[in-house]
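Me: I would like to learn how to read side-chain features in a model. Can we work through one together?
Reply: Gladly; here it is.

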Amino acid sequence: MRQAELFAIEGVGVVGSDPEGREETNVIVPECALHALASVVAVRGLSRDEAIRRLLAEYLEMQEARRSDDRLAHIATVLRYPPAPRGSKQSRSGARLRLRLAAGTTARVRAVALSLPGQWIRSRKDYQARSLTDAVLTAIALAQAFTDPFLAGLPQLLRHSTARALWQAAVAATCTTAELAVFNDAYELRQKPRAGLSEAEERLLQVAEALDEDVAWHSPERFESATTLAASWFRGPDAHDMWALLNRPKGEAWYERLQDLRNHRRTAREHSWTGRGATAVWRARRVVELRAFSTWLTAPGNPSARGSKRRMAPPGWYVRIPDGWRARNVDPELDRPLRSWVLEGRLIELTQDGQELVWPVRDAANAHGWEPVPGVEPIVAAAKRVPAAQLPVFIEAMLVDWNVDDSEHTEVLRPPLRVGAHKAYELGLIDNEQRQAAMGEARAQTLEAMATIVENLSDEHADLRLALAQRIGRTREFAILAKAAGVGFRAAWASWTWPLTTVAEEVLGGLGPDVAQWLAEQAYRYCARRLQQVMEATWRESFECAADTRWLRDDRPEPPDDQAVLSEAGDAVTPTITQRFNLSFNLDPDPPI
């Protein structure tokens, strides 16, 4: 393997290894951090690699002993400094620092380093977490302070809670119309006693909290906003008061500050990020829905008592749980059979909001009072191929009811789960006569589509019409010519629609293990894809709603003093982009949606 293949820039999630078994990767840091590291190397008399390992060991010892909110982060992480290049022709700022760490260090470091809401290790560049970079910068700063013109006057180290508060302020200052609608409604609801809120009002508050704490869209503009706010707050005359506000528990004064930022937010570039804002709201609703789904799964007693059917909104489909099935909150130290049952492939183990769950279980008259549902081993085997963060979505896919007479449900699940005719025959789901019938039907649809294309071509395309007419019946040649001419054509697919109820019930209905596992995998992939497509539809619809610009009021009051710099920051940029919205459509691939 070439040496270049052993290294990875932070955020890609790839970590190589050297012949000694050390993890090799690299991070981009400010030049001044390298100078500070050189001072540490000189004072301690170590090689640079060894100095980094020692600093990170000290960092881990400190961070792992602290509460999550009290752990330290470097302000450069919140400000995304050094910034990533804005285009292919722009050179990267900062310096590359190679890391050669003991095995397992990278995972430990990322677990205690700062990641902002909406950031993930494997994601598009705007959304990539810089947790490893944050750990390196924090470790160096603890040993030797460093600064440069960008960082001058800013506090170098922040508690995680303070760093997230600064990010919340940047989010508030750049929120889109969709986010503002949620936050405004939540702000009004916070004026009421929470105990008296309706279920819908409580849910809206939870969505707003998820937007603040769990979900966010990212762009260079948001990091510029964070930089502007940090400069205004920490370098200004009220720096001491702002530092106190950011470091104490968040209360009414903080929410008032955020609401002021939202009401005076910069709108010049908002149309560029409309889609990201709308899909962030969609993802926040999914976070709240999945939490409610987990609560529903773990409800004790007979499923009919809690309702065996539930509508998941978003996306709008229904799920149904077999009688007696549920999930169980577990303590691995106390539930001794758990480990053996998980290792035997009889249970799915997952973590939801810090709580460990196992699924599916049923009540049993034994010493434990519960046991794994028998016969679900194919489902558990399929779950082993699913990323841990996506396991709630996998369980949801196993319970989606494919036969519900509801227009929204049917629309979300269109097209239904289909199996290629040859695959269905191979799995024993259909016989040869059904396979031949499906192939004949697909052939007839393909010929009809070819004839329709030829008939609809105008006289000015007579040559093309003649060439395509001569190729009717020769699918490959017809498709190549149609594509070259820019004519849309796709041959019909010979398929069989699976008459599903739920995958869970199909598996218990006598399917062979291999077929059952294949079905579980296909249902999960289908549902995950449909979730992405529904979110994409939300993104597209948001631009239609954005055409209503009544919220851009000319009578907005003057911004407070700490907003003045922020309001001037975007004057020199292109204000909007229109209907080719590649810049705005960025979905987070890793989190459960």
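Reply: Start with charges over rings. A charge sits over a ring if NZ of Lys or CZ of Arg is within 6 Å of the ring centre and within 35 degrees of the ring normal. Keep in mind that this is a predicted model.

Me: Which ring lies under the charged end of lysine 309?
Reply: That of tyrosine 318. The charged end lies 5.3 Å from the ring centre.

Me: What ring does the charged end of lysine 250 sit over?
Reply: The ring of tryptophan 254, with 5.9 Å to its centre.

Me: Where is serine 161 found?
Reply: In helix α6, which spans residues 160-173.

Me: Is serine 161 buried or exposed?
Reply: Burial is read from relative accessible area, and the cut-off for buried is under 20%. Serine 161 has 14% relative accessibility, so it counts as buried.

Me: Now the aromatic pairs. How many does the structure hold?
Reply: It holds 13. One of them joins tyrosine 81 and phenylalanine 150. To classify a pair, look at the angle between planes: under 30 degrees counts as stacked, over 60 as edge-to-face, and the rest as tilted. Here the angle is 10 degrees and the centres are 4.1 Å apart, a stacked pair.

Me: Where do tyrosine 81 and phenylalanine 150 lie in the chain?
Reply: Both are in loops, 69 residues apart. Tyrosine 81 is between α3 (75-79) and β4 (95-101). Phenylalanine 150 is between α5 (131-143) and β5 (157-159). The pair thus links distant parts of the chain.

Me: How accessible are tyrosine 81 and phenylalanine 150?
Reply: Tyrosine 81 has a relative accessible area of 15%, so it is buried. Phenylalanine 150 is at 27%, so it counts as partly exposed.

Me: Why is the pair of phenylalanine 394 and tyrosine 524 called tilted?
Reply: Because their planes meet at 55 degrees; the ring centres are 5.8 Å apart.

Terms used:
Residues are numbered from 1 along each chain as its sequence is written. This is a predicted model: local features need pLDDT of at least 70, side-chain atom pairs count only at pLDDT 80 or more; totals for chains, interfaces and linings use all residues. Side-chain values use heavy atoms; hydrogens and water are left out. Helices (H or I, at least four residues) and strands (E, at least two) are DSSP runs, numbered from the N terminus. Buried means under 20% relative accessible area, exposed over 50%, partly exposed in between (1.4 Å probe, protein chains only). Rings of Phe, Tyr and Trp (its six-membered ring) pair if their centres lie within 6.5 Å; planes under 30 degrees apart count as stacked, over 60 as edge-to-face and the rest as tilted.
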